[in-house]
Amino acid sequence: MAKIEERQYDNIVKHHNNSNSSFSPSSQSDFLSQLDQSLSYSIEKDIDYGYGKIDAIWHISLHPSLPSSKLGFIKIQSQEGKADQDWKDNQYSLRKIEEAIGRGIRSGCDKVFLVADNEEMAKSISGRIEWLSSFGSIVRFDTVSTGVSPNQQKRSTSIPSQERVPEGEKIRKEDIREREEKFEKYNRPKGERAESESDEKKLGREIKLDENNRPIGQKEYNV
Amino acid sequence: MIETLKASIIQLGKSILGIEVIENYDQCAGLIDVLWTFKPRSEALPDIRLGFVCLPIISTTADEDNYSESTINEIIIKSMMNLVDKLVIVVPSENMAKRISDSIESMSNSSFLQLRKYVTVLTSSTLVPKTDVLHARDKEEVIE
């Protein structure tokens, strides 16, 4: 299924690049409406199902036997009444992002794309959604929603930390090594070390192991 | 108005055994007015979080029961992002509660999120019977 999605995405981008190689952030509405109808896409513009306005909805039919997908596009404006609170340091407020996602989901969209003025803002939106989703919410909102900008040529999904921080693997291995060294130090020795161990050391270790292997609450009762 | 609503929800939560009450709960996704955390006795079971968001009245002279869908959108997403297991939206009037419930119920059945199972809309009087709420004068007497 992922492959199908990727291919479709590539087709959209390819088609979009062919049909409109130079577009500016000002032509957001053009970006949302320029799609070839022959690719079994249909577009609804400025639609409101009762939960707030969606700027465009693409209905994409991948195959006659599959249900069509609804991709919603919501333009996020930087100039509104509460501009000071909603738009600072080239990023939108959380309130605005949450509201737009809610609007898209409640309108029945399978994916909600938040259209920002430029790529930097789109990345900021995607980053915020990913960060918030990483806390363990029941819905991974980053799989449903992403920030995009009209002049964007690359995918807006953030690079996973494993790729972004390649030394992460090294740190993990160091942790494992340290942990194993600790086990080696405090666990019961095996082989020759076990035979050469003094009775006093053995007794001390067994007491410590006994204390530390009890459930946390149990310790208090035994004191 | 919201402070009064919050106070009654906090009071009710504190009176129920096994519930921990948190005011202005926020996990970086926006403020939840009151959170009840039900802590099961077993460590193996997770806490159940019930979030309460009091809806402010949008004061218009013509219609007191006015509300905006964008506020509801925001409240739902922020409570999900804040790891709230069930959301209760507390509104000032029955009429408003019905309208918001209808709006949530009217969502498509084919949507991947069935919000009617996540959101409950109540008025403060339904949640906290008036007999349980102390008047200011009664409260002073209790303190004395």
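Mentor: Helices (H or I, at least four residues) and strands (E, at least two) are DSSP runs, numbered from the N terminus. Keep in mind that this is a predicted model, where local features need pLDDT of at least 70 and side-chain atom pairs count only at pLDDT 80 or more, while totals for chains, interfaces and linings use all residues. Residues are numbered from 1 along each chain as its sequence is written, and chains are lettered from A and ligands numbered from 1 in the order in which they are written.

Trainee: OK, what is the bridge partner of B:Val53 in S4(B)?
Mentor: That's B:Ile89. Strand S3 (residues 48–54) of chain B and S4(B) run parallel, joined by 5 bridges.

Trainee: And in what order do the strands of the open sheet in chain B come?
Mentor: S1-S2-S3-S4-S5, with mixed pairing. S1 and strand S5 (119–123) of chain B each have a single partner strand, so they stand at the edges with one side lacking a neighbour in the sheet. From one strand to the next, the twist averages 25°.

Trainee: Back to B:Ile89. What is it in contact with, leaving aside neighbours within four places in sequence?
Mentor: Contact means C-beta atoms, placed from the backbone, within 7 Å. By that rule B:Ile89 touches B:Val53, B:Leu55, B:Ile75, B:Ile100, B:Val119 and B:Val121.

Trainee: New topic: which residues touch the most other members of the largest nonpolar core?
Mentor: A:Leu114, B:Ile89 and B:Val90, out of 55 residues. H2(B) gives the most to this core, 6 residues. A nonpolar core is a set of buried Ala, Val, Leu, Ile, Met, Phe, Trp, Tyr and Cys residues joined through C-beta atoms within 7 Å. Buried means 20 or more other C-beta atoms within 10 Å of a residue's own, exposed means 12 or fewer, and partly exposed is in between, with C-beta atoms placed from the backbone.

Trainee: Is B:Asn24 buried or exposed?
Mentor: B:Asn24 counts as exposed because it has 10 C-beta neighbours inside 10 Å. This residue sits in strand S1 (residues 19–25) of chain B, and has a positive phi of about 50° although it is not a glycine.

Trainee: Last one: how many residues of chain A are in contact with chain B?
Mentor: 20 residues of chain A, meeting 21 of chain B. Helix H4 (residues 94–106) of chain A brings the largest share of chain A's side, 9 residues.

Key
Contact = placed C-beta atoms within 7 Å. Pairing = 2+ DSSP bridges. Axes fitted to C-alpha atoms, helices over the stretch in contact; angles between N-to-C directions.
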